[in-house]
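Hi,

Here is the structure I said I would pass on. Have a look through it first, then read my notes below.

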Amino acid sequence: MELFSMSEYEAIIGLETHIQLNTLTKIFCACKADSWFDPPNSNICPVCCGLPGVLPVLNKAVVEKAVLLAAAMHSDIQPVSYFDRKNYFYPDLPKGYQISQFDQSLAKGGYLELPMPTGYTRRINITKLHIEEDAGKTKNEGGRRLIDFNRCGVPLVEMVTAPDFRSADEAAQYLIRLRQLLRWIGISEADMEKGHLRCDGNVSIRVKGETHLNPKTEIKNVNSIDAVRDAIAKEIERQIHEVEAGHKIEAWTLEWDEDLGKLKKMRSKETEADYRYFHEPDLLPILMNDAWCKDILKNLPELPLERRQRFMDQYQLPLYDADILTQERKLSDYFESTVKTYGGDPKKVSNWLMNDILRMLNDKNIPVDQLKTTPAYLAELIQLVDAGKINTSTAKSLLEKIEQNGKSPKEIVETEGLGVVKDDAAIRTSCQEVIAESPNEVASYKSGKVALIGWFVGQVMKKMRGKADPQLARTILEELLAK
C-alpha cells in the first residue's frame, strides 16, 4: 500500500452541539430547569420521568429562545414544525424515547462566519437546528451504575454543522464564538463544565485533493473547549496511522478520557434508522406566524461580529481593540456608552477599558455592570485628564476611590485636593529640594546623562504626591540643572 505523510491528508470535521436554554422551567413540565446544585433525583415529576398517563405541555419560552438562536445563525425559521419521538433504550432515558424534532424542525440551514486568529475566515454551515429534551445522567461508582433523572426534560437546542472544519483549532474557535453568541443574545449560560454547552465531534480524514467522505468516528463526553481541540487532534492522528498501517476506519463512537488524554471505544455508532422516528402524538405542531416571530426578533441585538466590524468602521478602532471590546455584550455596551458621554477620541476610552477597567473586573471578579465606575464616571475621569485638572497617575488611583465610595471623580478631586498643582513657586521649591538631595544624579546629568531628567521629574511627582504638573516640573528642572 502507498504510504502518505501527515501533510498529504486533510481532516473533515463536523460538530454536534447541545445547548441548554436558560429557561426557568423544563421544556414539557413545571420542574425548574437548572439542577446543578440539587441532590440527585430531587428535581423531577411524573412528566419528566415519563410515568404512564402523563402529557407534556410545551414551554413557550423554549421556542422563543430557540428562534433567537436560529435568527442569529441566519437560519430559515419554519412556519410549521413538529415534535418527534426518537426511540432508543438507555438507562437514563425513562420513557424509552426522547421528544425531539426530525425532518420538520424549527429551523433549516444557516451559517456562522468563523474569523480565525491567523487571519482567514471560514464559513461554517448548519445542517440541523432543532429543539428537544435532555435525557438523564448516569455514572459508575463503587461497581454500581447510578442514575440521576434531574436533567430529564431540560430544554436543549441541538445544532449540527456540515463537515466544514479542517482542523482541531477551527473546531475550538467555533465553540469560542458560539459560546460568545449564546451569552450575547441571552439564551444560555453556555458553561461547558456545567453541561450548558456540550459538543460531540465527527472526524474523518481523506487524501488532499479527494472530494468523497470516508467513514467517520464520533467523539463524545468532551466538557471543555481545550478538550475538544485535544480529542480531535488525537483522533486525526490516530486515523492517519490506521490508514497508513492498511486498516479501515470503522464508524465507532469514542469517549474522551480527559485525565489520560486518550480516546476509548464506547460502541458502534447508531444510524437514523435505528431511532424509528415518528411524530409525537401528544404535542401539537409549532405554528410560527409572522406576528409571533416579529415579536420575538425585536429582542435580537446587534450580533458580536457585526458590532466588532462597526467599532472598527465607526470608531476607527484596530481589530485587536474591537475584538476584546466585543467579547461580552455588557462590556461592549459599557464602551459605547462611555464614548457617547465622553465625546472625544474613542481610542482613549478603549485604552482605559483594556488597561484599567478589565484589570479591575478580573481583580474583583464581577461583571462590568456592577462597577461603581459607571460609563458616565469614566467619561468624566478622562475629561479631567484631558483638561489638565488631574494627571494620569492620579486618574488611575481615582478608579479605586470611586469603587470604594461611589462618588464622582470631580467630587473626589475637590474634597481630597487631588487636582494638578500648577503653581510655579510650589513646584520650583520641590524641584530645588530634589536637586539638593541628589548630588550624584545631578553630577551624572551634567556629565551628559540627560535621560535622567525623567528620574528627576518622578522624584518631584513623588514629593508632591503626584499632583505636580509634570510638564511644568520638567521645564523648571531643566532650567535649574542648566545652572
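This is a predicted model: local features need pLDDT of at least 70, side-chain atom pairs count only at pLDDT 80 or more; totals for chains, interfaces and linings use all residues.

Residues are numbered from 1 along each chain as its sequence is written, and side-chain values use heavy atoms, with hydrogens and water left out.

The helix pair: the axes of α14 (residues 439-446) and α15 (residues 453-463) come within 10 Å and cross at roughly 145 degrees. Helices here are DSSP runs (H or I, at least four residues), numbered from the N terminus. Axes are lines fitted to C-alpha atoms over the stretch in contact, and angles run from 0 to 180 degrees between N-to-C directions. Glu441, Val442 and Tyr445 of α14 meet Ile453, Trp455 and Phe456 of α15 (contact means heavy atoms within 4.5 Å).

Now the loops. Gln316 sits between α6 (304-315) and α7 (319-325), and its phi is near 60 degrees, a positive value in a residue other than glycine. Asn365 is in the loop between α9 and α10 (375-386), with phi near 55 degrees, again a positive value in a non-glycine residue. Why do we call Gln316 exposed? Because its relative accessibility is 62%, and exposed means over 50% relative accessible area (1.4 Å probe, protein chains only). Asn365 counts as exposed too, at 69%.

Cheers

Notes. Helices (H or I, at least four residues) and strands (E, at least two) are DSSP runs, numbered from the N terminus. Buried means under 20% relative accessible area, exposed over 50%, partly exposed in between (1.4 Å probe, protein chains only).
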